[in-house]
Every structure is written in C-alpha cells, then in structure tokens.
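Me: I've got a model open and I'd like to learn how to read its charged pairs and its domain interface. Can you walk me through it?

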Amino acid sequence: MTLIGSTLTRWMLPALCLAAGMAHAQTYPTKPVTWVVPFAAGGPTDALARNIADRVSREIGQPILIENAPGAGGTVGAAKAARAPADGYTFLVGHVGYMAAAPSLYSKLSYDPVKDFEGVFRFPDTPLVLLVGANSPYKTVQDLVAHAKANPGKLNFGNAGVGSTSHLVAAMFAQKAGIKITPVAYKGAGPALTDVMGGQVDGMFDQTNTALPQVSGGKVRGIAQTATRRVPQFSQVPTVAETVVPGFEASTWYGLYAPKGVPKEVVARVYAAWGKALQDPAFVKRLADQGIQMLPDAQYAPAALTQHTASEVVKWKKVIADANIKLD
Ligand code: MLT
C-alpha cells in the first residue's frame, strides 16, 4: 500500500489540492503574462486586445504582453497558443474566425478550438463598417453593388486572411447581394486598411474600433455597417440591412482562451479581473465610444464562452456551406 493511500484519507487530498490551488491563485501571477494576438499590430483585434489587456493587467498586478503572431486568418497564432504550456502565462485572444469558422475552412487545422482551449472570459462584440477610399467613386453601398453587378470579380476587397471576419463578412455580403468580389488577403485588417486608404484595394469590412479614427480623419468613407441598428458613432451610415440586403447582420465576437488544462484558479482569477474592469465606467465608456457592443454580464463567463464557441463551430459550418465560402 502506498504512503499516500494509508496516511491521507480521501477528504484530505482534495483539501490539500484546493489549498495548493488557492495558494497558487493567491500568488498568481508572479511574472508578466502573454496574450497571443494572431493578427498584425494595428488591426481591430490588436487594438481591442491592448485596450482590455491594459485594464486587466492593473487588476492582476502584472504586465500583459501582446504577442502578434499573424498568418492564415489567425490560425497560425491560434495553433501556437494551443501548444503553449497550460500554466496561466500564455493566453489566446480568440475570435469567431479562427475559433469557429476555421474548422470548416481549413482541412488540416493543427488545433481544435473546443478540445484544445478553455474559455476564460468573452470580450464585447465589434460590428463592422464597409469602407471605401476617400476618393472612391462609390458614394453609397448601392453604387458599389450596382458597379459590382455590372463588373463581376472586378472589385478587390482587402481582408485579414481566409477565415478572418473581414473575409467572412465580405463573402457573406457578396453572396447575399448577388455580386462577385475578389478577396485580397493581408496579415491583418491594419495593413488591409492602409491599402484601402491608398486605393490599392477598392474596399473592406473593418471593425468599428479601427474604422472610426480613419473615417473621422477623412482617410476612408463608411458606406454601410453590419450592426442591426446603426451604431451611434456611425449614425449617418446606413446598415446593410436597410439598404441592399434585408436582414443582414454581422459582428465579430471575441474571447480570451487558455490552453486546455490551465488551473481553474487561474481562470477564476483572470475572469474576476475582467469583472472588476467592467465595473470601471471610464473603461466601459472607452469601449462603447469605439462602437463596441457590451454584452449581458452572464455572457462574459468562462463556461458561457466555452459553450458559445462549441455552438458557433456548428453554426459556421452551415453558414460557410450556404454562402459557398471557400479557401480562396
Ligand atoms: C479580422 O477578422 O478581420 C481581424 O479582426 C483582422 C484584424 O484584427 O487584424
């Protein structure tokens, strides 16, 4: 009989584990933490991640380092994070593209969004805006659709790679509007937006938090938006639903994930830090002022994010089939 079986009765072991876990939680984190952002710096995912990381780091008492690991619509960075140690010092900033659509787009995905990750907390959602260059001939989304119908495949749309929301939303928009566009992939929406501004590509769907400063600065024009109701910061921009595709709605959902097996106390500690951030009116206003849509509190919870991810993987399999979205 082993020592542990004879001297530690059944109840002591869990108590010791809990005590050890709680001790770990009380000291965690003891060094800086890394959040992997699988797109180039300067895009909406990077911007939102830095916004949230800055506030959460104040609650956990350690710096949160953003590591940009772009490529293949976010799947390169997601695969890297899936292989990281489950020790609470590496997390993934995940979103609908590489955490829900990717399994239906990439035949050889080297990670499983559900099996390889634990949900830590969901971020608020970010709707998108259809952007064209300041000197674009398309003054309205109707102009753009009419030109695209007369010139199939001639319109180039920038995106952040296959499975990014800038790719998925443009593909769904094209399919439902009955037009053909040519996707042009970049390492993130940031570099894609630069080329919309420069006229190298005709347009793109970008998220409100990075679209807003460029629209305000007159570098690009928003001619439609994908929220169901007009976002206050884009009150003059009609929705896709009220113009060319009735019922059209799209937004990017995000979440913070840890590699499967991360200590539960770590998830609880980081989720509690997010809860504290949500109680900071200045922080919440800063997000809302970027057109970011806050969610009911219950939807931010770790289990809610994990369940949401699993249901979205199933949903996007159908959306991708119906919209005939393929690896370009
Ligand atoms: C996307 O899905 O288009 C990404 O959010 C782009 C990015 O954040 O760079």
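Me: Which residues are linked in a network of salt bridges?

Reply: A salt bridge here is a side-chain nitrogen of Lys or Arg within 4 Å of a carboxyl oxygen of Asp or Glu. In this structure, Arg55, Arg58, Glu59 and Asp280 form such a network. Keep in mind that this is a predicted model, where local features need pLDDT of at least 70, side-chain atom pairs count only at pLDDT 80 or more, and totals for chains, interfaces and linings use all residues. Residues are numbered from 1 along each chain as its sequence is written, and side-chain values use heavy atoms, with hydrogens and water left out.

Me: OK, take arginine 55 and glutamate 59. How far apart are they in helix H3?

Reply: Helices are DSSP runs (H or I, at least four residues), numbered from the N terminus. Arginine 55 and glutamate 59 sit four residues apart in helix H3, so about one helical turn separates them. Their side chains meet at 2.9 Å, N to O.

Me: And is arginine 55 buried or exposed?

Reply: Go by relative accessible area: under 20% is buried, over 50% is exposed, and in between is partly exposed (1.4 Å probe, protein chains only). Arginine 55 has 7%, so it's buried, while glutamate 59, with 25%, is partly exposed.

Me: What does the pair of aspartate 280 and arginine 58 tie together?

Reply: The aspartate 280 and arginine 58 side chains form a salt bridge at 4.0 Å, N to O. Aspartate 280 lies in the loop between helix H11 (264-278) and helix H12 (281-288), and arginine 58 is in helix H3, so the pair ties together parts that are 222 residues apart in sequence. Aspartate 280 is buried at 17%, but arginine 58 is exposed at 53%.

Me: How many salt bridges does the rule count?

Reply: The count comes to 11. One of them joins glutamate 312 and lysine 315 at 3.5 Å, N to O. Those two are three residues apart in helix H13, again about one helical turn. Glutamate 312 is buried at 8%, and lysine 315 is partly exposed at 43%.

Me: Now the domains. Where are their bounds?

Reply: Bounds like these come from an automatic or database domain assignment. Here domain 1 covers 33-125 + 253-323 and domain 2 covers 126-251. Their C-alpha centres lie 24 Å apart.

Me: How much area do domain 1 and domain 2 bury between them?

Reply: The size of an interface is often given as the accessible area lost when the parts come together. Buried area is that loss (1.4 Å probe), summed over both parts. For domain 1 and domain 2 the figure is about 2,000 Å², with 61% of it on carbon and sulfur atoms. On the domain 1 side, Pro44, Gln290 and Ala323 supply 22% of the area buried against domain 2, more than any other three residues.

Me: How many residues of each domain are in contact?

Reply: Contact means heavy atoms within 4.5 Å. By that cut-off, 31 residues of domain 1 touch 25 residues of domain 2.

Me: And how many salt bridges does the rule find across the interface of domain 1 and domain 2?

Reply: Zero salt bridges turn up across that interface.

Methods:
Buried area = accessible area lost by both parts, 1.4 Å probe.
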